[in-house]
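Subject: Structure handover

Hello,

Here is the structure I promised to pass on. Please open it beside this note; my findings follow below.

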Amino acid sequence: MPLAPLDRTRLLEALALAEGSIGLTDPNPRVGCVIGHDDGRVLGRGATQRAGQAHAEVMALRDAAAAGHDTRGATAWVTLEPCAHHGRTPPCCDALVAAGIARVVVAVGDPFPQVAGAGITRLRAAGVQVELGDEDIAAAARELNIGFFSRVERGRPWLRMKIAASLDGRTALPNGASQWITGEAARTDGHAWRRRAGCVLTGIGTVLDDDPRLDVRRVPTVLQPMRAVMDSGLRLPAGARVLAPPGRCLVFHAAPASPAAAALTAAGAELHARPGTDGRVDAPAVLADLAALGVNELHVEAGARLNGALLAAGLVDELLVYTAPLLLGEGRPMAALGPFETLAQGHRYGFVDATPVGEDLRLRLRRAAM
């Protein structure tokens, strides 16, 4: 049954509130809530805060109370099914019932096993009328938390690979020079996508070539993502900027314990031995480890070799390609793939959108349905 116009409007408002908590809530999902009446009055608004702090429903109830509003008989519009379990905070279902909320409109169900329908059941058992969002609202709510759904349902983060390249697909000159192929606006936009992530991953080649920090600098953020390096042979210098505090830096390797391991540990690295085949790091095991650490979205900024390995393993969910209006001819490719004998062996992605960003074009693609 289609949503009533007011329900749609309020859920869209709640989604906007949730979007404002990007870079704040991880590993929890981004959730927004609006509380009001069917006559159009809004009593309170809220969004989920940092892990361990109040969820969206409680923030909206607090907002209503601060304004002196009585929430008995009101409706709560919320972007994700209210939680029904004791985690870092008490169940939001109980808070809504205690506040006298008569009706709850939920954009999408929560896949987390301790919630997954239990929130809706608990509210209905308490006499609260519960309705669900229609297909497009549910899709928007899921999209906002695509990494959370991926981690819970698939046991691995949503992997987004960011690439800055010339029009002919070069990420650097043959000598490695790459600063800067894309312009200022594209680099700032890239940091906004970093902010979404629970972890930024790169390879040892990129660290040795560029010594990146991999933090969020160009846009405001409350939380900095973790940083991770795939370094099969433990070649990471102990003085690399990626290890500098604040924040955690994980190093995934395949090499046995060595003096290099001790030096990296002393420099603050968290070492994880995940040997795979041919002396390389086991990439699926890395993603499983990151999921266990609560990483919802994994942002990859790496070189051709790691990009190619992740693509070949079928682990890249989304490509974020900034294309500059520049032709470089000879140079380093986006990913080390192939050589293929047929076009069917290529990795096909479907376009999500194409957005001008300053003088460059941002292409967003996702794995094509097989």
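Helices (H or I, at least four residues) and strands (E, at least two) are DSSP runs, numbered from the N terminus. This is a predicted model, in which local features need pLDDT of at least 70 and side-chain atom pairs count only at pLDDT 80 or more, while totals for chains, interfaces and linings use all residues. Residues are numbered from 1 along each chain as its sequence is written, and side-chain values use heavy atoms, with hydrogens and water left out.

Glu-81

Glu-81 sits in the loop between S3 and helix H3 (92–98). Is Glu-81 buried or exposed? Buried means under 20% relative accessible area, exposed over 50%, and partly exposed in between (1.4 Å probe, protein chains only). Glu-81 has 4% relative accessibility, so it counts as buried. Contact means heavy atoms within 4.5 Å. Leaving out residues up to four places away in sequence, Glu-81 touches Val-106, Val-108, Gly-109, Asp-110, Val-115, Ala-116, Gly-117, Ala-118, Gly-119 and Ile-120. Leu-132 is 51 residues from Glu-81 along the chain, yet their C-alpha atoms are separated by 9.1 Å.

Two strands pair if DSSP finds at least two bridges between them. Five strands form an open sheet in the order S2-S1-S3-S4-S5, with mixed pairing. Strand S2 (42–47) and strand S5 (129–132) are at the edges with a single partner strand each, so one side of each has no neighbour in the sheet. On average, neighbouring strands here are turned by 15 degrees against each other, direction ignored. For such angles, axes are lines fitted to C-alpha atoms, for helices over the stretch in contact, and values run from 0 to 180 degrees between N-to-C directions.

Strand S3 (residues 75–78) and strand S4 (residues 103–106) run parallel, joined by four bridges. Ala-76 is opposite Val-104 in S4. Two helices pack on this sheet. Helix H1 (residues 5–19) touches strand S1 (32–36), S2, S3, S4 and S5, and its direction makes about 140 degrees with that of S1. Helix H2 (residues 56–66) touches S1, S2 and S3, and its direction makes about 140 degrees with that of S2.

H1 also packs with helix H5 (residues 135–144), at an angle of about 5 degrees and with the axes 11 Å apart. The two are therefore roughly parallel to each other. Angles under 35 degrees count as roughly parallel, over 145 as roughly antiparallel, 65 to 115 as roughly perpendicular and the rest as oblique. On the H1 side, Arg-8, Leu-11, Leu-12, Leu-15, Ala-18 and Glu-19 take part; they meet Asp-136, Ile-137, Ala-140, Ala-141 and Leu-144 in H5.

The cores

A nonpolar core is a set of buried Ala, Val, Leu, Ile, Met, Phe, Trp, Tyr and Cys residues joined through side-chain atoms within 4.5 Å. The largest one has 40 residues, and Ile-35, Ile-101 and Val-104 have the most contacts inside it. Another core lies apart from it, with 31 residues, among them Met-226, Ala-283, Leu-298 and Leu-315.

The nine-stranded sheet

The order in this open sheet of nine strands is S11-S10-S9-S8-S12-S6-S13-S16-S15, with mixed pairing. Strand S11 (269–273) and strand S15 (349–357) are its edges, each with a single partner strand, so one side of each lacks a neighbour in the sheet. Neighbouring strands are turned by 20 degrees against each other on average, direction ignored.

Strand S13 (residues 318–324) is mostly covered, with seven of its seven residues buried. Glu-318, Leu-320, Tyr-322 and Ala-324 are on one side, and Leu-319, Val-321 and Thr-323 on the other. S13 pairs with strand S6 (residues 158–166) in the parallel sense over seven bridges. There, Met-161 has Leu-319 as its bridge partner. S13 also runs antiparallel to strand S16 (residues 360–367), with six bridges. Thr-323 is opposite Leu-361 in S16, and Val-321 is opposite Leu-363.

Helix H6 (residues 146–154) has these buried residues: Ile-146, Gly-147, Phe-148, Phe-149, Ser-150 and Arg-151. They pack against H5, S6, helix H10 (283–292), strand S12 (297–300) and S16. After H6 comes Gly-155, with a positive phi near 75 degrees.

Best wishes
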